[in-house]
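Subject: Structure for your review

Dear colleague,

Please find below the structure that I am handing over to you. I would be grateful if you could read the notes under it with the structure open.

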Amino acid sequence: EGAMTRNSKSPLKAPPLRVPGQSVGEEMIDNAWDSIAGPYMIAGLLVVLAGSEWARWYFNSPPAPWLYTAIAILGALWAYWKIRRGMAKAQQLRQGRDGERAVAQYLEWFRTKDFFVFHDVPNGDANIDHVLIGTRGLYTIETKTLSKPVRGECRISVADEGVRANGRLLVRNPVPQAKAQARWLYSFLAEAQFKCFVQPVVVFPGWFVEPFDMKGAGVWVLEPKALDAFIERQDIVLTQEQVRAMASALSSYIRSQSGV
């Protein structure tokens with residue numbers, strides 16, 4: 001869902017800025033393929049060939065080119081199918097990663113307004129893309145990076161049955177996911193003796209979100225650049241001391257999950 005096709009394009013106008021350690025990360029991936037995966041596959045193939053030859057020698061069996069040709073054809077078809085799926089998945093993951101990075105870089109601006117900003121917060125078996133903690137409240141933010149059509153409108157609509165992109169119902173409704181993330185953060189902070197409402201937010205970079213009853217839905221669904229105006233309209237509900245204490249508790253948790 002959200003993967004690019006010939007008739008679609010990325011919703012990001014420009015790629016995100018590079019992040020610390022990105023070159024090292026890319027080098028690690030390249031090294032894994034060049035120095036580990038490639039030699040491993042070649043070695044495995046040679047072992048299989050040697051094993052087949054030893055078996056043929058041991059059983060004194062004649063060559064069976066048709067059998068091995070059939071196996072090779074089936075293997076090639078399977079590999080083609082896996083590669084096509086893998087390339088599509090890689091493209092989808094890359095687009096999602098770039099969307100999260102672009103939103104993260106925009107959210108860094110909130111630090112100038114005395115917000116604490118966290119990214120990729122572990123949440124059980126999943127992760128919260130972004131968390132904002134400031135005097136105007138707490139916010140969990142889920143980023144959905146959907147491919148845009150090459151031409152035509154790009155509109156998000158929210159209704160009881162789910163979220164639609166240009167009229168097409170998304171397979172995975174991000175609204176329940178966003179609410180679950182907000183509940184998790186509320187429960188985590190409550191255990192640390194901090195009780196404060198957490199506003200769930202879903203952002204769609206590059207898409208226009210049609211107005212809907214956000215208060216009734218219990219979630220904000222926005223284009224990322226609209227987030228600042230929404231937060232500015234919120235009352236100040238926390239002191240700077242409370243904000244720092246909550247941020248410290250969440251920071252310690254993130255470090256413990258990362259093994260730092």
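Predicted model: local features only at pLDDT ≥ 70, side-chain atom pairs only at ≥ 80, totals over all residues.

Overall composition

The protein contains 6 helices and 11 strands. It has 260 residues, of which 34% count as buried. Among contacts with a separation of 6 or more, 63% are between residues 24 or more positions apart. The accessible surface of the protein is about 16700 Å², and carbon and sulfur atoms account for 60% of that area.

Nonpolar cores

The largest nonpolar core is made of 32 residues. Within this core, the residues with the most contacts are Leu 132, Ile 156, Phe 204, Trp 220, Val 221 and Leu 227. Several elements contribute two or more residues each: the helices α2 (65-107), α3 (174-191) and α5 (227-232), together with the strands β4 (137-143), β6 (155-159), β7 (162-165), β9 (198-203) and β11 (220-222). Apart from this core lies another one, of 21 residues, which includes Ile 133, Phe 188, Val 198 and Met 246.

Trp 220 deserves a look of its own. Leaving aside residues up to four places away in sequence, Trp 220 touches Tyr 139, Gln 199, Pro 200, Val 201, Val 202, Met 214, Leu 227, Phe 230, Ile 231 and Gln 234.

Cysteines

How many disulfides does the count come to? The count is 0. Cys 154 is buried, because its relative accessible area of 13% is under the 20% limit. The relative accessible area of Cys 196 is likewise 13%, so Cys 196 is buried.

Salt bridges

The structure holds 9 salt bridges. One of them joins the side chains of Glu 232 and Lys 113, with an N to O distance of 2.8 Å. This pair links distant parts of the chain: Glu 232 belongs to helix α5, whereas Lys 113 sits in the loop between α2 and β2 (116-123), and the two are 119 residues apart. Glu 232 is partly exposed, at 35% relative accessibility, and Lys 113 is partly exposed, at 27%. Asp 228 also takes part here, as Lys 113, Asp 228 and Glu 232 are linked in a network of salt bridges.

A further salt bridge is formed by the side chains of Glu 108 and Arg 111, at 2.5 Å from N to O. Glu 108 has a relative accessibility of 30% and so counts as partly exposed, a class that lies between 20% and 50%. Arg 111, at 39%, also counts as partly exposed.

Lys 144 pairs with Glu 142, and their closest N and O atoms are 3.2 Å apart. Is Glu 142 buried or exposed? Glu 142 counts as buried, since its relative accessibility is 5%.

Nonpolar surface

Ile 42, Leu 45, Leu 46 and Leu 49 make a nonpolar surface patch of about 410 Å². Ile 42 is located in helix α1 (residues 22-59). This residue counts as exposed because its relative accessibility, 55%, is over the 50% limit.

With kind regards

Notes. Residues numbered from 1 in each chain as written. Heavy atoms only, no water. Core = buried A, V, L, I, M, F, W, Y, C linked by side-chain atoms within 4.5 Å. Buried < 20%, exposed > 50% of the residue type's maximum accessible area, 1.4 Å probe, protein only. Helix = DSSP H or I, 4+ residues; strand = E, 2+ residues; numbered from the N terminus. Contact = heavy atoms within 4.5 Å. Disulfide = S-S within 2.5 Å. Salt bridge = Lys/Arg side-chain N within 4 Å of Asp/Glu carboxyl O. Patch = residues over 30% accessible without salt bridge, like charges linked within 9 Å, V, L, I, M, F, W, Y side chains within 5 Å. Areas by Shrake-Rupley, 256 points an atom, 1.4 Å probe, with all protein chains shown as cover.
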